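Okay, thanks for coming, everyone.

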Amino acid sequence: MRLTTKGRYAVTAMLDLAMNADTGPISLADISKRQEISLSYLEQLFARLRRARLVDSVRGPGGGYLLAQAAEGITVAQVIQAVNESVDTTRCGGLSDCQQGDTCLTHHLWCELSAHIHDFLQEVTLAQLAGRGEIQAIASRQRGRWDDGILASTS
């Protein structure tokens, strides 16, 4: 499967945004600290997410990013597609030239798997992920660790 860090980081950052949206716009610096993703990498991802109209940016003091629509309306597949990522499991990128320009024996199997993965990710929304107990526990731990870091640096 060819889901690279770009797709994984985009989903992680969007989930972080969804889970912290009640506090207003979220800065990329905050997401970067909580998720341990490079700020410059997040800037690149969020430019694509904004172009795909999945996030809105708020400028100025207290600015940051907000989801452009309710978390219930944003699927994992949309996030992955927004950053030009695919979940293609074929060796040929779906071009049917896997074996010296011809289709290999297992090409159709991998195409079907890719379709199933896409369908699954199209069914999962940010809200569904954010509502899962294990994800809430992880987010709580991350916020606590991040808050402890702020308290330690201001003392």
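**A helix and a ring pair**

Let's start with helix α5, residues 107-123: it has 17 residues and reaches 25 Å from its first C-alpha to its last, close to the 24 Å expected at 1.5 Å a residue. That expected span is 1.5 Å times one less than the number of residues. Helices here are DSSP runs (H or I, at least four residues), numbered from the N terminus.

Before I go on, this is a predicted model, where local features need pLDDT of at least 70, side-chain atom pairs count only at pLDDT 80 or more, and totals for chains, interfaces and linings use all residues. Residues are numbered from 1 along each chain as its sequence is written, and side-chain values use heavy atoms, with hydrogens and water left out.

So which residues of α5 are buried? They're H107, S114, I117 and L121, buried being under 20% relative accessible area, exposed over 50% and partly exposed in between, with a 1.4 Å probe and protein chains only. Looking down the axis of α5, the buried residues fall within an arc of 85°, so they line one face of the helix. The arc is taken from the directions from the helix axis to the C-beta atoms. On the face turned away from that buried side, you'll find the exposed H108, H116, F120 and E123.

Now the rings. Y9 and Y41 pair edge-to-face, 5.7 Å centre to centre with 85° between the planes. For Phe, Tyr and Trp (its six-membered ring), a pair means centres within 6.5 Å; planes under 30 degrees apart are stacked, over 60 edge-to-face, the rest tilted. Y9 sits in α1 (residues 5-19) and Y41 in α3 (residues 39-51), so the pair ties together parts 32 residues apart in sequence. Y9 is partly exposed at 32% relative accessibility, and Y41 is partly exposed at 25%.

Technical notes:
Helices (H or I, at least four residues) and strands (E, at least two) are DSSP runs, numbered from the N terminus.
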